[in-house]
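My notes follow in the order in which I checked things.

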Amino acid sequence: MGLGGCIILIAVGAILTFATDWDMQGVNLDLVGIILMIVGLIGVSTFSSIARRRRVVVPPTTPVVDEEPHHHHHRRDGYSDGYGV
């Protein structure tokens with residue numbers, strides 16, 4: 001379950017606990033709402049701890065220095081590149 005699902009659980013639990021006055025025989029909706037909010041909070045804390053562990057710090061790479069400079073002398077006279085031979 002992602003972060004969005006956990007937030008939805010918290011919201012639905014809060015709505016059941018604080019915003020409704022339904023009476024169902026055999027079901028305490030206030031308790032169900034509190035349980036949903038607790039499960040949502042546990043999910044948020046678990047998700048945030050996993051996301052914190054998943055971040056990887058990559059050290060900057062050192063530039064590679066080529067010791068031998070490449071000197072390419074290209075003459076564009078039409079004969080040195082293989083054409084016209």
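I took helices (H or I, at least four residues) and strands (E, at least two) as DSSP runs, numbered from the N terminus. On that basis I find two helices and zero strands in the chain. I note that this is a predicted model, in which local features need pLDDT of at least 70 and side-chain atom pairs count only at pLDDT 80 or more, while totals for chains, interfaces and linings use all residues. Residues are numbered from 1 along each chain as its sequence is written, and side-chain values use heavy atoms, with hydrogens and water left out.

I then looked up burial (buried is under 20% relative accessible area, exposed over 50%, partly exposed in between; 1.4 Å probe, protein chains only), and 13% of the 85 residues count as buried.

In helix α1 the buried residues are C6, L9, G13, L16 and T17. Seen down the helix axis they fall within an arc of 95 degrees (taken from the directions from the axis to the C-beta atoms), so they line one face of α1. I found I8, F18 and A19 exposed on the other side of α1.

Which residues does T17 touch, leaving aside those up to four places away in sequence? With contact meaning heavy atoms within 4.5 Å, I list D30, G33, I34 and M37. T17 sits in α1, which covers residues 3–19, and T17 counts as buried because its relative accessibility is 14%. I also noted that a polar atom of the T17 side chain lies 3.3 Å from the backbone nitrogen of I34.

Key: Polar contact = N/O pair within 3.5 Å; in protein donor to acceptor, adjacent residues only side chain to side chain.
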